[in-house]
Amino acid sequence: MASATEQAEDEALPPTYSIAEACKLGILPWHYDTARKYLLQRSKTKGVPVPDGVTDGKVTYYTEPELMSWLKAWNAAGSAA
């Protein structure tokens with residue numbers, strides 16, 4: 001069972017989403033495969049910085065503000081890639 005301090009810290013953290021979750025919830029406007037390709041591969045080609053997120057060793061999770069900031073930069077970069 002988590003201590004009161006751990007519970008308070010968890011509640012203070014903003015929600016995070018995997019790429020798949022972000023797509024399913026409509027945070028990212030694409031299907032998972034497309035979003036993953038754009039975020040993890042094509043961002044570098046376009047010069048759009050990818051948010052750091054947090055990882056559990058397998059999956060990286062991002063906050064909604066991180067994803068929205070990235071999406072805004074992605075759209076501003078146009079179709080360079």
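Q: A residue is called buried when its relative accessible area is under 20%, exposed when it is over 50%, and partly exposed in between. The model shown here is predicted. Why does Asp-52 count as exposed?

A: The relative accessibility of Asp-52 is 69%. The cut-off for exposed is over 50%, and therefore Asp-52 counts as exposed. This residue lies in the loop between α3 and β2.

Q: What does Asp-52 touch, not counting residues up to four places away in sequence?

A: With those neighbours set aside, Asp-52 touches Thr-60, Tyr-62 and Glu-66. Contact requires heavy atoms within 4.5 Å. For Tyr-62, ten residues along the chain from Asp-52, the C-alpha atoms of the two residues are separated by 7.7 Å; that value concerns C-alpha atoms, whereas the contact cut-off applies to heavy atoms.

Q: Why does Arg-36 count as partly exposed?

A: Arg-36 has 36% relative accessibility. Between the C-alpha atoms of Arg-36 and Cys-23, 13 residues apart along the chain, the separation is 9.7 Å.

Q: How do you know whether the span of helix α3 agrees with what it should be?

A: Helix α3 covers residues 32-46, which is 15 residues. The expected span is 1.5 Å times one less than the number of residues, so α3 should span 21 Å. Its end C-alpha atoms are 19 Å apart, and this agrees.

Q: Where does α3 bend, and by about how many degrees?

A: The bend is at Leu-39 and comes to about 40 degrees. Leu-39 is also one of the buried residues of α3, together with Ala-35, Tyr-38, Ser-43 and Lys-46. Their cover includes α2 (19-24), β3 (60-63) and α4 (64-76). After α3 comes Gly-47, with a positive phi near 75 degrees.

Q: What makes β1 and β2 stand at the edges of the sheet?

A: The three strands form an open sheet in the order β1-β3-β2, with antiparallel pairing. In that sheet β1 (16-17) and β2 (54-55) each have a single partner strand, so one side of each is left without a neighbour.

Q: Why does Thr-63 count as buried?

A: Thr-63 has 15% relative accessibility. Buried means under 20%, and therefore Thr-63 counts as buried. This residue of strand β3 touches Pro-14, Pro-15 and Thr-16, leaving out residues up to four places away in sequence.

Q: What does the secondary structure of the protein chain come to?

A: The chain has four helices and three strands, running α-β-α-α-β-β-α from the N terminus on. Of its 81 residues, 26% are buried. The chain exposes about 5700 Å², of which carbon and sulfur atoms supply 52%.

How values were computed. Residues are numbered from 1 along each chain as its sequence is written. This is a predicted model: local features need pLDDT of at least 70, side-chain atom pairs count only at pLDDT 80 or more; totals for chains, interfaces and linings use all residues. Side-chain values use heavy atoms; hydrogens and water are left out. Helices (H or I, at least four residues) and strands (E, at least two) are DSSP runs, numbered from the N terminus. The bend at a residue is the angle between axes fitted to the seven residues ending there and the seven starting there. Buried means under 20% relative accessible area, exposed over 50%, partly exposed in between (1.4 Å probe, protein chains only). Two strands pair if DSSP finds at least two bridges between them. Accessible areas come from the Shrake-Rupley method with a 1.4 Å probe; for residues, only the protein chains shown count as cover.
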